[in-house]
Amino acid sequence: MITPKKLKIYNSKDIDSIPQISILSENELFALKVVATVLPFRTNNYVLKELINWNNIPEDPIYQLNFMQKDMLTRIQFDEMASAIKRNNPYEIKNTAIKIRTELNPHPAGQTKVNIPELNNEPVPGLQHKYKETALVFPSKSQTCQAYCTFCFRWAQFVDVNDIKFSTCNKTGFLSYLQQHKEITDILLTGGDPMIMSAKNLKEFISLLLKPEFEHIQSIRIGTKSLSYWPYRFVTDKDADEILKLFEHVKNSKKNISLMAHFNHYVELSTDVVKEAIKRILSTGTQIRTQSPVIKYINDEPNVWEKMWKDQVALGCVPYYMFVERDTGANNYFEISLLKAYNIYREAIIKTSGLCRTVRGPVMSALPGKVMVNGITQINGEKVFQLNLIQGRNPEWCYKPFYAKFDPSAKWLSHLKPAFGKTKFFYQDEINKILIDSENYDLSFNDDLLNSQFQLNYD
Ligand SMILES: *Cc1c(COP(=O)(O)O)cnc(C)c1O
Ligand code: SF4
């Protein structure tokens, strides 16, 4: 039996009231407060009590997952904010925070203009349609999470920068779009975290998609980290049973329903309550597929992935994606090279059975699509990365191996140069055309920024 628990959230202003916080030295506490003034901080009573091992801080992976570290800002940024806080001038603190946030690349890869679906020449808010079959939906009531990951590349959504937010304020636009686009078979609800919604709100949303005019939609996916941050959502919360009934209802309506669960470390799979939550969700006929970015200090070791995937399969989940963290927020702190990410993936996966090998990685969710590092090889004396698009803006680009010069320090697609003396990758001309075609838009949001459950990475 799982004892019910009431969610207690701690935001940056509540840091002093965190019961375990006295373990931190005065300097550590001050550093946390300085960084938490710039980047969004949030943790909760379950993470604090059940997931973090306080005898192992600051190295503990779940501590790193929720608690900011001094080095997440540059020395200059840190000192600037530290002095503002010491002077205790709220106006100065606010402006310094805004200034530093703009230095942290809130719109990675400068691709703020593509992927915006249109209906009658108007952009449709709350929707993103990058790959033919799948549309992402951002319900307006799901733009937050039960705790915040320090590496989240949706961080800009959670701080007070109003021009970066984006959601379905108006339902009719996105519904008409989905109705007209019969090629869409999958809907992916994302946020923030859609499981932050009450059962009632979630039901209202999902019921719309069960209507006959959406017969072409075969799968409803929900991107969520709630199994990791608040598994009580599916077990003892007041409307937990109602959530499970809703999942069952979708299943009975002859649609597939999948939770795209974000887990970064096997510790998140270790508590009785998460195991019970997974069991209850699976009992409704819902699938659970898992994904995570590979993140320095949290899971940058093959044995963490090996155990995580094995534990997931043992619990009935399907490993799905291993992502590369992208260039936004505190990524200088977290990022690792593509070479290292590939080595982690390979060393972990070769120790598993085929049931874990459904997981694809390391994957970069980049401008042309999802680019996977297949491996490293030598062709005609040139050492190269073999790459492959597993999703593309143009489906024709997918599953055709292509090559980049081997570069042990490259951390993202943009750092890679084509191999064999070529000047561009095969999709580049088409990408340029897409960028030019979308020049008439200047909306200040971005698909990858809004796409954290995939990287989820980043989500
Ligand atoms: C990853 C992703 C999807 C889903 O792709 P699948 O391969 O179907 O899991 C859809 N839209 C965007 C923008 C994505 O990044
Ligand atoms: S990575 Fe996902 S769960 Fe974590 S803070 Fe971002 S949106 Fe929320």
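Predicted model: local features only at pLDDT ≥ 70, side-chain atom pairs only at ≥ 80, totals over all residues.
Me: Which residues of α1 and α4 meet?

Reply: From α1 come F30, A31, K33, V34 and V35, and from α4 come F78, M81, A82, I85 and K86. By class, this contact has eight nonpolar, no polar and two charged residues.

Me: What makes α12 oblique to α14?

Reply: The axes of helix α12 (residues 302-314) and helix α14 (residues 338-349) come within 8 Å, crossing at roughly 50°. That angle makes α12 oblique to α14, since the roughly parallel class holds angles under 35 degrees and the roughly perpendicular class those from 65 to 115. The contact involves P302, W305, E306 and W309 of α12 together with I344, Y345, E347, A348 and I349 of α14.

Me: Why is strand β12 (residues 360-365) described as largely enclosed by the rest of the structure?

Reply: Buried means under 20% relative accessible area. Five of the six residues of β12 are buried, so the strand is largely enclosed.

Me: How do you know that β12 pairs with β13, and in which direction do they run?

Reply: Pairing requires at least two bridges, and three bridges join β12 to strand β13 (residues 369-379), with the strands running antiparallel. In one of these bridges, V363 has M372 of β13 as its partner.

Key
Residues numbered from 1 in each chain as written. Chains lettered and ligands numbered in written order. Heavy atoms only, no water. Axes fitted to C-alpha atoms, helices over the stretch in contact; angles between N-to-C directions. Helix = DSSP H or I, 4+ residues; strand = E, 2+ residues; numbered from the N terminus. Parallel < 35°, antiparallel > 145°, perpendicular 65-115°, else oblique. Contact = heavy atoms within 4.5 Å. Nonpolar A, V, L, I, M, F, W, Y, C, P; charged D, E, K, R; others polar. Buried < 20%, exposed > 50% of the residue type's maximum accessible area, 1.4 Å probe, protein only.
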